[in-house]
Amino acid sequence: FIGEAGSYSETAARSLLAPLVQSQLFNGVGLPNYDALFQAVQQGDVLCAMVAIESSMGGSIHTNYDLLLRSTGVHILAEIDFPMVHCLMVKPGVALEDVRTVLSHQSVLRDCEEFLRIWGGLTDTRPDTGSAAKEVADSKLTNIAALGSELCAQRHGLEVLRRGVQDTDSNFHRFLLVSSESFRNVATDNAACKTSIVFWLPNATDSLFKVLAVFALRDINLTKMESRPVPAAYLQKFAVDFEPVTISDKMAEKKKYEYFCYVDISEHYLSNNVQMAFKHLREITPFLRVLGSYRTGDITEEVDTTELCKALVSASQQPSAEVRTSAKALRIAIMGFGNFGQFLAKEMVKSHEVFATSKSDYTEVALELGVTWVPWDRLQDLLLVHNIDVLLISASITSFQSVVDALPKEALKTKAPLIAEVCSVKVFPKNVLLKDLPPECDLVCTHPMFGPESGKHGWFGLPFVFEIVRAQKWERAQAFISIFDDARCRMVCMSCEEHDRLAATSQFLTHLTGRILALTGCAPTTLDLKGYKSLCKVVETTSKDSFELFYGLFKYNPASLDTIRKLKSAFDGIEKKLVFRRDKNLARAPTAVVDQDVDGLQISSPVKELVSSMPTMPTSTHPQQDVNSHLSSSETDFKQPTEVLKAISDALEAGDTHYTEVQGDLQLRQQLSVYLAKNRQVTYEPEQICVSNGAVQAVYQALLAVCEDGDKVLIPTPCCASYFDIVRLCRGQPVPIATEAADGYTLRPQQLRDALVSAAAKCRAVVLCNPCNPTGVVMRREDLEALASILREPAFSHIYVLADESYERLTYDSPATSFASLDGMCGRTLLIGSFSAGYGMRGLPLGYLAAQRGLATAVSMLQSQLTSCASNLAQRAALVALRDVPSSWIEARLGELREKRDFVLGELSKLPGISCVAPDGTFFVLLNLARYVSEGAKVESSASFCDLLLRDYKVALVPGEHFHAP
């Protein structure tokens, strides 16, 4: 503490550490100033120290905050709000009227101004209350007195004349107990815990607002927030902590000052909530430091420091750092002693007793590092002989399961050590540990995102990701985590699931990019620009890692495959745009029309993107009548029912060509309601249905109504050619989920889950086309139910399902199940239907949306500003089709389509190297040309195949690129 015996610092320390005082284990040492105090803590000369940090009368003591900031390795262990009760003390026998001068610290004299004014004597300042009392006690004068604590009077043999002479009873000083010990002995329950941080607040207009939002959005309670202007040059003292910002002399000259913010929050810094807040905060500020997480209490309550005192006693009984060789804080066994295991051991052996084992013999390496070697065939000795506290598995992800299988399960159950792992993929090892290890073992999953190369100069600022999966002995888990905290790593508390989701787009993408560039021959040259040098650095860094590691990142993180597909899709999209610009003569709309300003007017970005990304259709020099286009038509060739044609004719003769209700003719919507209930087993009232000019308009309006800017819409591919562009026009982001022919082009539940997790909160809808255009696949009810079971999970409750069931009339063997008929899905389904396919109403396009009432109303209002209502003639025809056309007409048409389908499939089967999935519905067949397509060959893509067929054989087909199936 600061000052002579009996100073307020000692008084507060004795109050906070009362269990030590009662056990006569409290040993206080007075130091002359706070610089000496912090130096003593850092050097280990004292176990802990009491620091005054602020008062209710005078505010924060900035010099001490600065010392906390500069003193690396010093942490806050506890705090106390200490009431300042000032006593007037004199030598025994001296009366108040004899006193002429009062001595004390200047802040104490200021606290007692009213009492001293009435008394009327002189005052004089001293460095602290203890030295004032000591001077009174040692002096031969009897006309001097001191102001200080009652303990001060006792320590110096003085008599208290007056107690509580301060001007107000609400005067409190806040003291912090600091130590070079880390966080391992402090509270972990947020109700009795506080965390103090300091960060640099950039001098920008919205900086404070952004910082407050970081905490407010997570309901984190701020108990203190104080900003302090500091000279810009002052920041140079902390330049080592500022990454990536560098504090230059020019910068210091340009700005006169910056701001430091001191903030206290009512949560532990290791909580997921706070770690997420810190991650967000680091995006705003270039500097953030945690000063400590510690026990606290209300001003009216005493802080329970019993456990803290026990920890301090235990720490005081440890040998000094110079002689400590065998009594380490933790006994850690590293299982897997390759390069990374050795790298970890070099740091851990500094403060802990380390053991190592591996299938290969590293006896000499272990001896050199000061590590105890245990042969692989003596694994049980780690537990039964060496009594380890922590078993750290440092194995590759591909061998992780076999390593866990080798562990002695009974010994683990008996000794119950903490099991930790350091794999670069997290969900897989977490699940293995939970499944295969006894519940008695605590589990911690970690990912030190650095290695021997990046960490060779220390671990300061390097990211360490961790999740405490299971902790029955919380202090042991904290002690292990603190190894990395004490090494000044950037601590990131994150779930394994969130880690893998992010790693697929960061770690895996980095390794994938490095390996792709390496294959292209990316290497330094004499003319490298900064960007190219960065690419070469990626190649250099990733090429040093084994392919085994890269394969592990892929195999054990399902999101990685989606990353590859996104990258391929991005490459394809860029290639199409470049080729489109190069081959303007083949495009339907020259890019000059899109990109060029006309009289200062511009076309919007979504429309530009739509035009530029549109695949080029095959063109022919043959007269149109000479081209066989029957196989490229996207419509049926049968005539409309007689009843439908008559309804159109009658409406025309009667002059019934007026507008209808925007939402659609009421009679038609009533008939649709009956049809959906009877044939699709879903209940929608007429008010929940909006009739539009075709199914495409219904899809567009539905997505426009639910999507915000940047929202993601998941689309299984191959898919209808319109979906991607519709999503982009709605300013959303289409996200493909590639289905495979081997799976019958059916979306699998795990594919959906992975895509939902990857898209996270930005996902707004999933598109399901059933029966599917262009594959003709009809999903079974059990397949749809498997997808619905995932969408019912709380994490995905915000997601709509756009169920495009336009072809539901055209199924050959069994009817298609409506997604809205599944339990709990009706309210979340945007059901799309059409009359074009089922009734041959191709020139009179008519579709509809059925959805929850509020959404149907919103879509109707939207439609009123786009096309008003659908065609009255088409609506009259649709009403008659639903009401009067017999089912035998539909069955006859299906018979015709079935004959054509079987004929086409039979003829295709005669062609070598061409395959397809037999369609269960619609009138589409999607060909697989994989055997004919290769780079540099005559046929490089389905588009070039169609070009060849049209040019040489006068047969028109639609390229797979149109359906996102190149």
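In which sense do strand S17 (residues 390-393) and S18 pair, and over how many bridges? They pair in the parallel sense over four bridges, as the first of these legends to a predicted model sets out.

View 1. Strands (E, at least two residues) and helices (H or I, at least four) are DSSP runs numbered from the N terminus, and two strands pair if DSSP finds at least two bridges between them.

**View 2. The buried residues of helix H13.** Within H13 (residues 339-348), the residues Gly 341, Gln 342, Phe 343, Leu 344, Ala 345 and Met 348 are buried. Their cover includes strands S14 (331-335) and S15 (353-357), helix H14 (363-369), S17 and helix H19 (474-486).

View 3. Lys 224 lies in strand S11 (residues 222-231) and counts as buried because its relative accessibility is 11%. Its side chain makes polar contacts (N or O atoms within 3.5 Å, one able to donate a hydrogen and the other to accept it) with the side chain of Glu 54 at 3.0 Å and with that of Ser 60 at 2.9 Å. Leaving aside neighbours within four places in sequence, Lys 224 is in contact (heavy atoms within 4.5 Å) with residues including Tyr 65, Arg 174, Tyr 262, Val 263 and Asp 264.

**View 4. The crossing of helices H28 and H34.** The axes of H28 (residues 666-679) and H34 (residues 872-884), which are lines fitted to C-alpha atoms over the stretch in contact, with angles running from 0 to 180 degrees between N-to-C directions, come within 9 Å and cross at roughly 35°. The contact is made by Gln 667, Leu 668, Gln 671, Leu 672 and Tyr 675 of H28, and by Gln 875, Ala 878, Leu 879, Leu 882 and Arg 883 of H34.

**Notes.** Residues are numbered from 1 along each chain as its sequence is written, and side-chain values use heavy atoms, without hydrogens or water. In this predicted model, local features need pLDDT of at least 70 and side-chain atom pairs count only at pLDDT 80 or more, whereas totals for chains, interfaces and linings use all residues.

Definitions and conventions
Buried < 20%, exposed > 50% of the residue type's maximum accessible area, 1.4 Å probe, protein only.
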